[in-house]
Protein chains: 4
Amino acid sequence: MGKWIESENNLYCSFEFNDFIEAWGFMSKVAILAEKANHHPEWKNVYNRVEIWLSTHDEGNVVTDKDRELAKKISELVD
Amino acid sequence: MGKWIESENNLYCSFEFNDFIEAWGFMSKVAILAEKANHHPEWKNVYNRVEIWLSTHDEGNVVTDKDRELAKKISELVD
Amino acid sequence: MGKWIESENNLYCSFEFNDFIEAWGFMSKVAILAEKANHHPEWKNVYNRVEIWLSTHDEGNVVTDKDRELAKKISELVD
Amino acid sequence: MGKWIESENNLYCSFEFNDFIEAWGFMSKVAILAEKANHHPEWKNVYNRVEIWLSTHDEGNVVTDKDRELAKKISELVD
């Protein structure tokens with residue numbers, strides 16, 4: 001868990017938890033990190049699974065250090 | 001806001017808020033409703049936008065009253 | 001962490017986390033458990049600390065099995 | 001709702017909502033504001049009621065502009 005895949009246009013990672021409540025606890029922490037960094041993910045949830053795509057829109061939807069830093073902080077939440 | 005579109009396989013609705021914090025406040029309420037109903041959405045968020053797809057997996061990914069009831073409760077949150 | 005103290009009128013526990021974000025992730029899970037059980041805590045947060053008091057109001061503010069069950073579920077979140 | 005009382009040591013406000021879910025939606029927004037401002041409240045919740053005390057610990061638990069600014073932002077969430 002927490003392995004990010006970098007493509008041309010985004011950093012992607014899929015996270016899996018025991019159930020929805022655990023997934024939601026994780027999302028609640030990510031939400032704060034995102035707003036604090038003023039850098040918001042595209043993310044999706046179904047039950048125990050959370051998928052996150054990070055991309056820097058201002059730079060034309062490419063991956064920048066802003067994405068890599070947020071990705072690192074998100075991964076630290078689940079380590 | 002809060003107008004659901006029913007297709008063969010799901011109930012879909014897109015919600016738009018002023019900013020991420022407002023979107024997140026809404027999602028935090030939906031999360032509780034979902035777990036309480038033991039019926040979890042497929043949902044996606046980017047900044048101020050929240051998209052929700054409801055479907056009953058146990059019945060073969062069709063729309064049932066379980067979806068319509070949750071949709072109604074979600075819409076009441078933003079009315 | 002997660003050791004509850006039972007007095008005449010409530011079950012009490014204090015939880016400490018690394019920072020506010022970790023405390024908030026925990027609270028976000030407790031909120032769902034509480035609403036799902038239709039049994040709401042009296043709780044307080046300052047930065048990385050969360051204090052919870054459980055009591056059954058309908059029974060005259062005494063500790064009942066409803067409190068003990070919710071306490072158990074809350075403790076499982078941090079184990 | 002949203003009327004703050006300033007004493008020597010803190011800014012205090014009590015908020016009341018329809019139910020726990022509404023109170024929780026509010027708290028979820030306050031949590032983000034607080035972490036973003038790196039200024040965390042002492043706050044308490046029971047069911048539909050949220051009480052918030054703001055104080056600047058670094059300055060010796062007095063009320064400063066940091067508290068007044070966060071109070072203003074919190075009040076705007078419920079206006």
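Me: Is helix α1 of chain C enclosed or open to the outside?
Reply: This is a predicted model. In it, 14 of the 17 residues of α1(C) are buried, so the helix is largely enclosed by the rest of the structure.

Me: How far does α1(C) reach, end to end?
Reply: Helix α1 of chain C covers residues 20–36. From its first C-alpha to its last, α1(C) reaches 24 Å. That is close to the 24 Å expected at 1.5 Å a residue.

Me: What comes just after α1(C)?
Reply: C:N38 sits there, with a positive phi of about 50 degrees.

Me: How do α1(C) and α2(C) pack?
Reply: Two numbers cover this: packed helices are described by the angle between their axes and the distance between the axes. Helix α2 of chain C runs over residues 65–78. The angle between α1(C) and α2(C) is about 150 degrees, and their axes are 10 Å apart. The cut-off for roughly antiparallel is over 145 degrees, so α1(C) is roughly antiparallel to α2(C). The crossing is right-handed.

Me: Which residues meet there?
Reply: From α1(C), they are C:F26, C:K29, C:V30, C:L33 and C:A34. They meet C:L70, C:K73, C:I74, C:L77 and C:V78 of α2(C). By class, this contact has eight nonpolar, no polar and two charged residues.

Me: Now chain B. At what angle do α1(B) and α2(B) cross?
Reply: Roughly 150 degrees, with the axes coming within 10 Å. That makes α1(B) roughly antiparallel to α2(B). α1(B) passes α2(B) in a right-handed crossing.

Me: And which residues make that contact?
Reply: α1(B) gives B:F26, B:K29, B:V30, B:L33 and B:A34. α2(B) gives B:L70, B:K73, B:I74, B:L77 and B:V78. The classes are eight nonpolar, no polar and two charged residues.

Me: Switching to contacts between chains. How many residues of chain A are in contact with chain C?
Reply: Eight residues of chain A, and they are in contact with eight residues of chain C. On the chain A side, five are nonpolar, two polar and one charged.

Me: What about chains B and C?
Reply: Four residues of chain B and four residues of chain C take part. The chain B side divides into two nonpolar, no polar and two charged.

Me: On to chain D. Where is D:F26, and is it buried or exposed?
Reply: D:F26 lies in helix α1 of chain D, residues 20–36. It has 20 C-beta neighbours inside 10 Å, so it counts as buried.

Me: What does D:F26 touch?
Reply: Leaving out residues up to four places away in sequence, D:F26 touches D:F15, D:F17, D:V50, D:L77 and D:V78, plus B:G25 from chain B. Take D:L77.

Me: Last one, D:E42. Where is its place?
Reply: D:E42 is in strand β3 of chain D, residues 42–46. With 17 C-beta neighbours inside 10 Å, D:E42 counts as partly exposed.

Me: What is D:E42 in contact with?
Reply: C:V46 and D:W53, leaving aside neighbours within four places in sequence. As for D:N10, D:E42 is 32 residues from it in sequence and 10.0 Å from it in space, C-alpha to C-alpha.

Notes
Residues numbered from 1 in each chain as written. Chains lettered and ligands numbered in written order. Predicted model: local features only at pLDDT ≥ 70, side-chain atom pairs only at ≥ 80, totals over all residues. Helix = DSSP H or I, 4+ residues; strand = E, 2+ residues; numbered from the N terminus. Expected span 1.5 Å × (residues − 1). Buried ≥ 20, exposed ≤ 12 C-beta atoms within 10 Å, placed from the backbone. Contact = placed C-beta atoms within 7 Å. Nonpolar A, V, L, I, M, F, W, Y, C, P; charged D, E, K, R; others polar. Axes fitted to C-alpha atoms, helices over the stretch in contact; angles between N-to-C directions. Parallel < 35°, antiparallel > 145°, perpendicular 65-115°, else oblique. Left-handed = near helix turned anticlockwise from the far one by under 90°.
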